[in-house]
Amino acid sequence: MILTLLSANVQEAAAIAADVAPVQEQVSFSIISMAFKGGWLMIPLFILSIIAIYIFGERWWAIKKAATVDDNFMNDIRDFIHEGKIKSAIALCKQSDTPISRLIEKGIERIGRPLQDIQTAVENMGNVEVARLEKRLPALATIAGGAPMIGFLGTVLGMIQAFFNMSQAGNNIDITLLSGGIYTAMVTTVAGLFVGILAYFGYNYLSAKVNDLVFVMESSTIEFMDLLHEPAKE
């Protein structure tokens, strides 16, 4: 009797395991298959993600390159100016080719004019350099704000689709009619938030780097204006 019960329990457990296995295989999915379920709105979100990655990489490299300045640059400029070697100082600025060197070059070219004119020229050049550093950052900020809105648009469209399917079904309402639209809505929402979050953090990171570089540019400008007040070496 006991053996018979044990055999029956084993057979029942095997049957349950056989029923569960296909179900587990059926619900498994990949990120790619989930993305296809999001509908046509996944296309603009994918394009925006590529643009955001490109802008971040390009701006990160440009800002890193712009922030690379020789520690002895200002000392060499000071020596050239005190020795009256203006052309050598300008040549050093052109060779360095950084935002800071272009600021100093603009000031050196104005040597001989009133100090106020020199400072104004350097400040105007600084505004140009800052605008150059911030190039494409507004586009990254737009993606950070626009991608979640596209995702929410997918949410609304998915819910509309779900309720439309339910209204057309009449009395034959099936849970799959509602779940399909909700699935699409959730996928687009997640995708929009994912792209928006990446763009948002990327924008703030690059903005912080630009602010750090602007601070260095201002410090170099003050140092340059101070050396113009120093007496020339005999």
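This report describes the helices, the nonpolar core, selected contacts and the aromatic pairs of a predicted model.

## Basis of the model

The structure is predicted: local features require pLDDT of at least 70, side-chain atom pairs count only at pLDDT 80 or more, and totals for chains, interfaces and linings use all residues. Residues are numbered from 1 along each chain as its sequence is written, and side-chain values use heavy atoms, with hydrogens and water left out.

## Overall architecture

The protein chain contains 9 helices and 0 strands, where helices (H or I, at least four residues) and strands (E, at least two) are DSSP runs numbered from the N terminus. Along the sequence the pattern is α-α-α-α-α-α-α-α-α.

Of the 234 residues in the protein chain, 31% count as buried; buried means under 20% relative accessible area, exposed over 50%, and partly exposed in between (1.4 Å probe, protein chains only). The accessible surface is about 15000 Å², and carbon and sulfur atoms hold 66% of that area; accessible areas come from the Shrake-Rupley method with a 1.4 Å probe, and for residues only the protein chains shown count as cover. Among contacts with a separation of 6 or more, 78% join residues 24 or more positions apart, a contact being heavy atoms within 4.5 Å.

## The nonpolar core

The largest nonpolar core has 40 residues, and those with the most contacts inside it are Phe73, Ile77, Ile104, Ile108 and Phe224. Such a core is a set of buried Ala, Val, Leu, Ile, Met, Phe, Trp, Tyr and Cys residues joined through side-chain atoms within 4.5 Å. At least two residues of this core come from each of H3, H4, helix H5 (86-96), helix H6 (99-109), helix H7 (115-133), helix H8 (137-169) and H9. H9 gives the most, with 12 residues.

## Helix H4

Helix H4 (residues 73-82) has Phe73, Met74, Ile77, Arg78, Ile81 and His82 as buried residues. Viewed down the axis of H4, its buried residues fall within an arc of 155 degrees, so they line one face of the helix; the arc is that of the directions from the helix axis to the C-beta atoms. An α-helix has 3.6 residues a turn, so residues three or four places apart point the same way.

Leaving out residues up to four places away in sequence, Ile77 touches Ala89, Leu92, Cys93, Ile104 and Ile108. Just after H4, Gly84 adopts a positive phi of about 80 degrees.

## Two threonines of helix H9

Thr188 lies in helix H9 and is buried, at 1% relative accessibility. The side chain of Thr188 reaches the backbone oxygen of Gly151 at 3.4 Å.

Thr189 also belongs to helix H9 and is buried, at 14% relative accessibility. Not counting residues up to four places away in sequence, Thr189 touches Gly151, Phe152 and Thr155.

## Aromatic pairs

The structure holds 3 aromatic pairs. Rings of Phe, Tyr and Trp (its six-membered ring) pair if their centres lie within 6.5 Å; planes under 30 degrees apart count as stacked, over 60 as edge-to-face and the rest as tilted. The ring centres of Phe56 and Tyr205 are 6.0 Å apart with planes at 45 degrees, so this pair is tilted. The pair links distant parts of the chain, Phe56 in helix H3 (residues 42-66) and Tyr205 in helix H9 (residues 175-228), which are 149 residues apart. Phe56 is partly exposed at 31% relative accessibility, and Tyr205 is partly exposed at 36%.

Tyr200 and Phe201 have ring centres 5.8 Å apart and planes at 75 degrees, so they form an edge-to-face pair. Tyr200 is partly exposed at 48% relative accessibility, whereas Phe201 is exposed at 57%.

Definitions and conventions: A polar contact is a pair of N or O atoms within 3.5 Å; within protein, one must be able to donate a hydrogen and the other to accept it, and residues adjacent in sequence count only if both atoms are side-chain atoms.
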